[in-house]
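Here's a quick walk through the charges on a protein model. Keep the 3D view open as you read.

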Amino acid sequence: MTGEENLNPFAVAMAQFDRAALYLDLDDGLRELLKTPKRQLIVSIPVKMDDGSLRVFEGYRVQHNVARGPGKGGIRYHPDVTLDEVKALAMWMTWKCATVNLPYGGAKGGVRVNPKELSRGELERLTRRYATEIAPLIGPDRDIPAPDVYTDAQTMAWIMDTISMFKGHTELGVVTGKPVELGGSHGRQEATARGCQFVIREACRTLGLSLSGATVVVQGFGNAGSNVARFLHEDGARIIALSDSKGGIYNPHGIDPEAALAHKARTGALQGLPDTEAITNEELLELPCDILVPAALENQITRRNADRVRARLIAEAANGPTTPDADDILFERGIMVVPDILANAGGVSVSYFEWVQDQYGFFWSEDEVRHHLERIMTSAFHEVRATAERYRVDLRRGAYILAIGRVAEATRVRGIFP
Ligand code: NAD
C-alpha cells in the first residue's frame with residue numbers, strides 16, 4: 001500500500017478483477033477480453049428548459065459484457081457522473097448478474113445532470129431525449145435499463161413510452177423498475193433492500209450475531225437505504241444513525257425509520273428530526289455498531305478511514321463503497337464485508353422477474369416474488385461464502401472468483417466470433 005490510493009471507479013473495478021482473476025486459470029487474452037467493455041456510447045442531450053433557453057447534457061450507456069445474455073443495468077442521474085464511473089458500474093453489473101446466476105450481462109447508463117435543479121417537465125424531456133439517443137443499443141433482447149441513483153419508476157415509464165412510440169407498439173420489457181400499473185413487478189421498488197436484508201440475515205447467522213437488538217448504521221436514505229433501514233427495524237434491529245446527501249442523524253437509543261421518512265418528506269432533509277443529534281457522513285461511518293450499510297455512493301470506506309470503522313458486518317447496498325485497500329484492512333481486522341455484487345443484487349434479481357413477467361404477460365403475486373428472491377439471495381450468499389472459504393479470501397474475492405469463472409466459461413463455450 002504505497003502512494004496515493006486510486007479512487008477512479010474504473011481503476012477500482014479493474015483492481016478488484018485482477019485481485020480475483022489471480023485465482024483462476026485464465027489465459028492473458030481471455031483476461032483482457034473480460035476486463036474490456038464491449039460497447040461505450042457517449043451522447044449529447046439537448047433540452048429546452050422552461051425559461052426558453054437550451055442546455056446540453058452529456059449521457060452514457062456502456063455494455064461491459066453480454067456473454068451470458070442481454071446487458072442489464074441502471075441509469076444514474078448525478079452531476080458527478082463520468083464515463084469511467086459508468087464503465088465501472090457496467091462491469092460490476094456483469095459480475096453481479098453472474099454471482100446470482102441471472103442470464104444477463106452487465107451494462108449501465110448515466111447522465112451528467114443535477115436532477116434536483118430541473119423541473120418535472122425538463123426531466124421528462126431530458127429522459128425522453130436520452131432514451132432516443134441510446135435507443136440503438138437498448139431493447140428486451142439487447143440491453144435493459146433500470147433505476148439507479150436519482151432515477152425511479154417514473155423515469156422508467158418515460159423511457160418505455162419513448163421506445164414504444166418508435167416501435168409502434170408497447171414494448172414493456174425494454175426497461176425494468178416500471179410502475180406496477182405499467183408492466184412493473186410487485187416488490188421491485190424495495191427489491192434491493194429486501195435482498196440486502198436476506199443476505200444480512202445469513203451473514204448474522206454465520207457470525208453468530210442476533211439481528212434482533214443489533215445496532216445498525218445506514219448511509220444514504222434513498223430507495224436502497226431507507227428500505228434497508230425499515231426492513232432491519234422490522235427484524236428488531238436498532239437503527240442508530242442515518243444520513244442523506246445533506247448529512248446524518250444519530251441517536252444511540254434508536255431512530256424510527258418511518259419517522260425519518262416522514263420528516264424527510266416534510267422538510268427535504270433528515271437533519272432536524274427530533275431526538276437526534278446531527279453528525280457528518282464521515283462521522284457516521286466510524287460509529288460503533290454491529291452492522292454498517294453504505295447505501296449512497298462509491299469510495300466511502302477507503303484506506304483513510306477503514307481502520308476506524310467499528311462495525312462487525314458491512315453490507316454494501318451501494319455499488320463500490322469500499323476500495324481494495326480498505327478491503328484488505330477490513331479483512332485483516334476480521335470485519336465481514338458482504339460485497340455490493342452480492343448484497344445489492346436483489347434489485348437486478350427482481351428486475352429479472354419483471355422482465356420474465358413482461359415477456360409472458362403473466363404477473364406474479366408479491367409473495368411469489370419474495371419467495372424467489374429469498375431463494376436466489378440465500379443460495380448466492382452460501383455459494384460465495386463457500387468459494388471464499390475454499391480460496392481463503394474475503395467475500396468480495398469469493399464473489400468475483402465465482403462470477404468471473406461463470407462469465408469465462410460462457411465465453412469459452414461460445415468461442416470467439418468469427
Ligand atoms: P436514490 O437516488 O434513491 O438515493 C440516493 C441516496 O443517497 C439519497 O438519500 C441521497 O441523499 C444519498 N446521497 C447522495 N449523495 C450522498 C453523499 N455524498 N453522502 C451520503 N448520502 C448521499 O438511489 P438508490 O437507488 O437508493 O441508490 C443508492 C446506491 O444503491 C447506489 O450506489 C446505487 O448504485 C445502489 N443500488 C441501487 C439499486 C436500485 O435498485 N435502486 C440497485 C443496486 C444498487
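Predicted model: local features only at pLDDT ≥ 70, side-chain atom pairs only at ≥ 80, totals over all residues.

Residues are numbered from 1 along each chain as its sequence is written, and side-chain values use heavy atoms, with hydrogens and water left out.

**Salt bridges**

Side chains of opposite charge can pair when their charged atoms come close. Searching the whole structure turns up 29 salt bridges, each being a side-chain nitrogen of Lys or Arg within 4 Å of a carboxyl oxygen of Asp or Glu.

| Pair | N to O distance |
|---|---|
| Glu-298 and Arg-76 | 2.7 Å |
| Asp-161 and Arg-128 | 2.8 Å |
| Arg-406 and Glu-383 | 2.9 Å |

Take Glu-298 and Arg-76, which form a salt bridge. Glu-298 sits in the loop between strand 10 (291-294) and strand 11 (313-315) and Arg-76 in strand 3 (residues 71-78), so the pair ties together parts 222 residues apart in sequence. Helices and strands here are DSSP runs numbered from the N terminus (helices H or I, at least four residues; strands E, at least two). Glu-298 is buried at 10% relative accessibility, and Arg-76 is buried at 3%. Buried means under 20% relative accessible area, exposed over 50%, and partly exposed in between, with a 1.4 Å probe and protein chains only.

Next, Arg-406 and Glu-383 also meet in a salt bridge. Arg-406 belongs to helix 14 (residues 395-414) and Glu-383 to helix 13 (residues 366-391), 23 residues apart. Arg-406 is buried at 17%, whereas Glu-383 is partly exposed at 34%.

**Surface patches**

Patches are built from residues with over 30% relative accessible area and no salt bridge, like charges being joined within 9 Å and nonpolar side chains within 5 Å. Lys-38, Arg-39, Arg-142 and Arg-414 make up a positive one. Lys-38, in the loop between helix 2 (28-35) and strand 1 (39-48), is partly exposed at 48%. A negative patch gathers Asp-25, Asp-27, Asp-28 and Glu-32. Asp-25 is exposed at 75%.

**Helix 12**

How many residues of helix 12 are buried? It's 12 of its 15 residues, among them Phe-353, Trp-355 and Asp-358.

Methods. Areas by Shrake-Rupley, 256 points an atom, 1.4 Å probe, with all protein chains shown as cover. Lys, Arg positive; Asp, Glu negative; His and termini not counted. Charge placed at Lys NZ, Arg CZ, Asp CG, Glu CD.
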